[in-house]
Amino acid sequence: MTRVCIVGAGAVGGYVGAHMTRAGVDTTFVDAWPEHVVHMREKGLKVEGMNGAGSVETPVRVLHIGDVPQLVREQPFDVAFIAVKAYDTGWATQMILPYLTPTGCVVSLQNGINEHAIAAIAGWERTLGCSVSALAAELVEPGRIVRNSPLGDDKKAGIRIGELHGQITPRAEMIAGLLSHCDTCKVTPNLWGERWSKLTINAMRNGVCALTGMTGKQRDTNDMARDLTIRLGSSCVRVGRALGLSLEPVGGLDLDLLARAEDDAAAREAITRMIMEVANSRSDAQRPSMGQDIRKGRRTETDYINGLVARRGAEVGVDVTCHRQVNDIIKRIEKGEFAPNPSLLEQIVG
């Protein structure tokens, strides 16, 4: 039987791992939040799906990060999913790597593009990545995760798994089988394009919620906030294409239209309709991860989302001023210099 370790039992890692466990996959969680670990050990893990779809409640096996060295006495893992914040990628990979089989692989199940950081530690040949395309969820309290988006389907896979070199391999198909327990999943030959496409969705949505304090639906129904999301998304698509990437449909948006939407009124109108359709498909409580982080008073992944777009855009000569400004404002909010407020939108220049 394939042995799986999920490093990070938060919204995404917990959701995926709960479904794998319920399906009979030999799954071990590793997490750093003591209260969450204790609750899962005593009462299991509960996932509440949107309108009931994807709900599961199951006992789980979980270790605190301080307990990881005891794994030396067990059979090694075949697959380790890294599901921690992007800034924790390095230590998380280093921590779990000694407990993998010689052919075991490490899979990024994160926001941002962290495969380079994982490969620098585990090796390129042992690294894969996932684009989590349709999952919006929140760890609302110890042992309880709420999903705020509908499940994927045959036309729109909820998760896309891929090798860094783009080949369709037996191990990628095996991991797709594991992930299919929690949502629809496909193996992609275009991981880098998939990753930048998902980055586009995160870069246009997450930071705007973080700096305004809005939920996803509030952001998309506010004219000024929605205008900024379109500008952020448009420039991110243009950066990706300047990098030579072939972008994939994601998030219910036409990326060709999005790329033109900053300067083309017809494209902007069409993208606005698409944004509203996506907004109406999610729950009123849906709040992206960076917005959740700000509400919980902790560091966000802004340097790995809007900050990453700003850095890569500067390299390829695309105007990414709005990404740089969003990144700077969020970092000031993290430090307590600003409080999230819709009025901060006025500091982003046109």
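Predicted model: local features only at pLDDT ≥ 70, side-chain atom pairs only at ≥ 80, totals over all residues.
1. Residues are numbered from 1 along each chain as its sequence is written, and side-chain values use heavy atoms, with hydrogens and water left out.

2. Where does Arg332 sit? Its place is in helix H13, residues 321-334 (helices, H or I of at least four residues, and strands, E of at least two, are DSSP runs numbered from the N terminus). Leaving aside neighbours within four places in sequence, Arg332 is in contact with Glu337 and Phe338 (contact means heavy atoms within 4.5 Å). Arg332 and Leu211 are 121 residues apart in sequence, yet their C-alpha atoms are 9.7 Å apart in space.

3. Now to the sheet. Eight strands form an open sheet with mixed pairing, in the order S5-S2-S1-S6-S7-S8-S11-S12 (two strands pair if DSSP finds at least two bridges between them). Strand S5 (61-64) and strand S12 (185-187) stand at the edges with a single partner strand each, so one side of each has no neighbour in the sheet. On average, neighbouring strands here are turned by 25 degrees against each other, direction ignored (axes are lines fitted to C-alpha atoms, for helices over the stretch in contact, and angles run from 0 to 180 degrees between N-to-C directions).

4. For a look at one pair, take strand S7 (residues 100-108) and strand S8 (residues 127-132), which pair in the parallel sense over three bridges. Ser108 has Gly129 in S8 as its bridge partner. Helix H6 (residues 191-212) packs on the sheet and touches S7, S8, strand S11 (159-163) and S12; the direction of H6 makes about 40 degrees with that of S8.

5. Strand S9 (residues 137-141) and strand S10 (residues 144-147) run antiparallel and are joined by four bridges, with Leu139 standing opposite Ile145. Two residues lie between S9 and S10, and Gly143 in the turn has a positive phi of about 80 degrees.

6. Which residues of helix H4 (residues 115-122) are buried? They are Glu115, Ile118, Ala119 and Ala122. Seen down the axis of H4, these buried residues fall within an arc of 100 degrees, so they line one face of the helix (the arc is that of the directions from the helix axis to the C-beta atoms). Their cover includes S6, helix H3 (89-96), S7, S8 and H6. Just after H4, Gly123 takes a positive phi of about 105 degrees.

7. On cysteines, the structure holds zero disulfides (a disulfide is a pair of cysteine sulfur atoms within 2.5 Å). The cysteine sulfur nearest to that of Cys130 belongs to Cys185, 6.3 Å away. Cys130 is buried, with a relative accessible area of 0%.

8. Finally, UniProt lists residues 190-334 as "domain: Ketopantoate reductase C-terminal" in an unreviewed entry (positions are in the numbering used here, feature names are shortened, and annotations may be inferred rather than shown by experiment). Over residues 190-334 the chain is 71% helix and 0% strand, with the end C-alpha atoms 34 Å apart.

Methods: Buried < 20%, exposed > 50% of the residue type's maximum accessible area, 1.4 Å probe, protein only.
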